[in-house]
Structure formats: C-alpha cells, structure tokens
Amino acid sequence: VQLQASGGGLVQAGGSLRLSCAASGRSFSRFAMGWFRQAPGKERDFVAAISWSGGSTYYADSVKGRFTISRDNAKNTVYLQMNSLKPEDTAVYYCAASTVVAGTPSMYDGWGQGSQVTVSS
C-alpha cells in the first residue's frame with residue numbers, strides 16, 4: 001500500500017488541524033494504520049494507531065485527549081484530528097500501515113512523504 005499524508009500547515013498554539021492519509025491499493029482495510037511524527041534532530045515518535053476495523057485506537061501520552069485518529073475504509077483514508085495544538089507538536093507527520101497495531105516504527109511499512117505541522121507560540 002502506498003500512502004500520502006496531507007493537511008499540515010502553520011497554526012497558532014491552541015488551534016486545530018486535521019491530517020489526512022490517502023492510501024492506494026485495494027488492501028487498505030486489511031491494515032492497522034499509524035501516525036508518527038519527527039521533529040528536526042529527533043527520532044520518529046509514535047502518535048496514534050487504529051485497528052483495521054477502526055474499533056480500537058491507541059495514543060501516545062503526549063497527545064491523549066487532544067488528538068483523535070479515525071479511518072474511512074470506503075475512502076481508503078485515515079485521519080488525525082489535532083486539537084489544542086502546542087508548539088511541541090511541531091514536526092513532520094507521517095502515516096504508515098502495519099499488519100498489527102503497534103507503537104514501533106519498525107512494525108510499519110508504506111511510509112510516504114510526510115506533512116509538516118508547525119505550531120507557533
């Protein structure tokens with residue numbers, strides 16, 4: 001599966017953005033999906049994950065209560081709604097697919113170009 005994230009931009013602290021990740025291929029609904037982010041000079045960190053059905057979701061502690069992951073299998077798309085954004089959320093955000101729900105980047109595949117999110121203070 002090939003993935004492309006979009007929807008990033010510049011927003012003030014406290015604002016909201018919604019990222020989308022469009023997948024090509026007919027097997028999208030078989031995969032768990034994850035969002036990760038990478039700030040300059042830092043490792044790629046787990047943000048959120050969702051099971052193939054959308055019935056289970058998982059979040060990093062740093063975003064719990066502020067971010068919501070969802071998916072629409074009919075549209076081959078996974079979303080990340082980000083509210084109450086903070087400057088420390090600034091990073092390139094990536095989506096990826098996995099055969100299992102996991103928080104480790106090495107368990108994922110299909111990394112595409114990320115989407116830059118910049119939160120100003």
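Tutor: Happy to; let's count two residues as being in contact when heavy atoms lie within 4.5 Å. Leaving aside residues up to four places away in sequence, Ser56 touches Ala49, Ile50 and Ser51. This is a predicted model, in which local features need pLDDT of at least 70 and side-chain atom pairs pLDDT 80 or more, while totals for chains, interfaces and linings use all residues. Numbering starts from 1 along each chain as its sequence is written, and side-chain values use heavy atoms, without hydrogens or water.

Ser56 sits in the loop between β5 (45-50) and β6 (57-59), where strands are DSSP runs of E with at least two residues, numbered from the N terminus. With a relative accessibility of 28%, Ser56 counts as partly exposed; on this scale buried means under 20%, exposed over 50%, and partly exposed in between, using a 1.4 Å probe and protein chains only. Asn76 comes 20 residues away in sequence from Ser56, and their C-alpha atoms are 17 Å apart.

Now for the rest of the chain. The protein chain has 10 strands and zero helices. Of its 121 residues, 41% are buried. Among contacts between residues at least 6 apart in sequence, 56% join residues at least 24 apart.

The charged side chains deserve a look too. A search of the whole structure gives three salt bridges, each a side-chain nitrogen of Lys or Arg within 4 Å of a carboxyl oxygen of Asp or Glu. Arg37 pairs with Asp89, with closest N and O atoms 2.9 Å apart. Since Arg37 belongs to strand β4 (residues 32-38) and Asp89 to the loop between β8 (77-82) and β9 (91-98), this pair ties together parts 52 residues apart in sequence. Arg66 also forms a salt bridge with Asp89, at 2.8 Å between the closest N and O atoms. Here Arg66 lies in the loop between β6 and β7 (67-72), so the pair links parts 23 residues apart in sequence. Lys64 and Asp61 form a salt bridge with closest N and O atoms 3.1 Å apart, and Asp61 counts as exposed at 69% relative accessibility.

Technical notes. Helices (H or I, at least four residues) and strands (E, at least two) are DSSP runs, numbered from the N terminus.
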